[in-house]
Amino acid sequence: MKLPCPRIEGGVSVEEAINIRRTIRSFKHERITLEQLSQLFWAGQGTTEESGYLRAAPSGGALYPIDLYAVVKGEGVEGIRPGAYHYESKGHSISLIEEGDLTNQIARAALSQMWMETAPLSMVITAEYGRICSKYGERGVRYAMIEAGHIGQNIFLQAESLGLGVGIVGAFNDKVIIRTLKIPRSHEPLLIMPIGYKG
């Protein structure tokens, strides 16, 4: 599914977004728009030049070992069925990989942090280390984690500019997340970021 074109100008300055950013653990029962979802994906991994190669976050050797997934709650995003989606940066599109509301299972896999279940959307940042370790050896693992941090901060700041709040979770059972979302076993989950209107 092709996403709406992202905006490259907004009404909130970078300085303001940094100043007001907080980690959120309470969300309103309010849907986010397809345009907001599009903007969040673009901020994390979207392409930023015409050839469709360079992306919004820096990557060691431009090898891009990170993949972005979205877990959409029932009625969570306007025009999107509940389920798990994979983001394709080159076409700025998403593909459904597992249908159904998976938010309860994801929260339980995250050491039963059930506050996550209230978010209409959770973004999952994964790393496939082989893409970067093929060039940098074991050091590539570190580079992938650095990249995940860049992407996470981009998502935080973009969400603030959209009037949304973001939580961040690193405590979860990797194998259960992989199995629940039906993602490749080589895509190691690093971060889960629940997103929605601040409760």
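Predicted model: local features only at pLDDT ≥ 70, side-chain atom pairs only at ≥ 80, totals over all residues.

Me: Which residues of α2 and α5 make the contact?

Reply: From α2, Gln39, Leu40, Trp42, Ala43, Gly44 and Gln45. From α5, Glu147, Ile151, Asn154, Ile155, Gln158 and Ala159.

Me: And by class, what's in that contact of α2 with α5?

Reply: Six nonpolar, five polar and one charged residues.

Me: Is the crossing of α2 and α5 left-handed or right-handed?

Reply: Right-handed.

Me: Which strands does α2 lie across?

Reply: β1 (66-72), β2, β3, β4 (121-127) and β6. Helix α2 runs at about 160° to β1.

Me: OK, the sheet. What's the strand order?

Reply: β3-β2-β1-β4-β6-β5, in an open sheet of six strands with antiparallel pairing. The edge strands are β3 and β5 (165-166), and each pairs on one side only.

Me: How many bridges between β5 and β6?

Reply: Two, in the antiparallel sense. Val166 has Ile195 of β6 as its bridge partner.

Me: Switching topic. Where is His92?

Reply: In the loop between β2 (83-88) and β3 (93-99).

Me: Is His92 buried or exposed?

Reply: Buried, because its relative accessible area is 8%, and the cut-off for buried is under 20%.

Me: What does the His92 side chain have a polar contact with?

Reply: The side chain of Ser38, at 2.7 Å. Leaving out residues up to four places away in sequence, His92 also touches Lys2, Leu3, Pro4, Pro6, Trp42 and Tyr87.

Technical notes: Residues numbered from 1 in each chain as written. Heavy atoms only, no water. Helix = DSSP H or I, 4+ residues; strand = E, 2+ residues; numbered from the N terminus. Buried < 20%, exposed > 50% of the residue type's maximum accessible area, 1.4 Å probe, protein only. Polar contact = N/O pair within 3.5 Å; in protein donor to acceptor, adjacent residues only side chain to side chain. Contact = heavy atoms within 4.5 Å. Pairing = 2+ DSSP bridges. Axes fitted to C-alpha atoms, helices over the stretch in contact; angles between N-to-C directions. Left-handed = near helix turned anticlockwise from the far one by under 90°. Nonpolar A, V, L, I, M, F, W, Y, C, P; charged D, E, K, R; others polar.
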